[in-house]
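This report describes charged and aromatic side-chain pairs. The sequence and structure are shown first.

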Amino acid sequence: MMRLSGLQKEVLALYRRCLRESRNKPQSTRAHFENFARAEFAKNLSIDKRDFAAIEFLLRKGRRQLDVYSSPGIKDVR
């Protein structure tokens with residue numbers, strides 16, 4: 001198996017964190033959060049793995065979104 005770079009590990013950690021945070025949401029809307037996270041990551045699969053600036057930007061953006069969506073006041077995402 002190939003060894004992952006530091007950036008790849010950060011992306012996977014953010015993805016796992018997104019899915020874990022979805023467990024804190026109501027059962028009825030949990031699937032919406034999981035599908036949203038999967039769609040956001042899938043949307044950016046075509047980015048070249050050597051485009052560090054773009055990946056780092058998306059990681060920062062993803063962390064900010066996760067902080068907003070993980071607040072208890074957010075019950076659903078569409």
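A residue is called buried under 20% relative accessible area, exposed over 50% and partly exposed in between, with a 1.4 Å probe and protein chains only. The model is predicted, so local features need pLDDT of at least 70 and side-chain atom pairs count only at pLDDT 80 or more, whereas totals for chains, interfaces and linings use all residues. Residues are numbered from 1 along each chain as its sequence is written, and side-chain values use heavy atoms, with hydrogens and water left out.

**Salt bridges**

Side chains of opposite charge can pair when their charged atoms come close. Helices are DSSP runs (H or I, at least four residues), numbered from the N terminus. Aspartate 67 is partly exposed at 46% relative accessibility, and arginine 17 is also partly exposed, at 35%.

Another salt bridge joins lysine 43 to glutamate 40, with 3.1 Å between the closest N and O atoms. Both residues lie in helix H2 (residues 30-43), 3 residues apart, a separation of about one helical turn. Lysine 43 is exposed, with a relative accessible area of 52%, whereas glutamate 40 is buried at 19%.

Aspartate 48 and arginine 50 also form a salt bridge, at 3.5 Å from N to O. Here aspartate 48 is partly exposed at 38% relative accessibility, while arginine 50 is exposed at 59%.

**Aromatic pairs**

Rings of Phe, Tyr and Trp (its six-membered ring) pair if their centres lie within 6.5 Å; planes under 30 degrees apart count as stacked, over 60 as edge-to-face and the rest as tilted. The structure holds 2 aromatic pairs, tabulated below.

| Pair | Centre distance | Plane angle | Class |
|---|---|---|---|
| Tyrosine 15 and phenylalanine 41 | 5.0 Å | 75 degrees | edge-to-face |
| Phenylalanine 36 and tyrosine 69 | 5.4 Å | 90 degrees | edge-to-face |

Tyrosine 15 in helix H1 and phenylalanine 41 in helix H2 tie together parts that are 26 residues apart in sequence. Phenylalanine 36 in helix H2 and tyrosine 69 in helix H3 link parts 33 residues apart. Phenylalanine 36 is partly exposed at 22% relative accessible area, and tyrosine 69 is partly exposed at 25%.

Definitions and conventions: Salt bridge = Lys/Arg side-chain N within 4 Å of Asp/Glu carboxyl O. Helix = DSSP H or I, 4+ residues; strand = E, 2+ residues; numbered from the N terminus.
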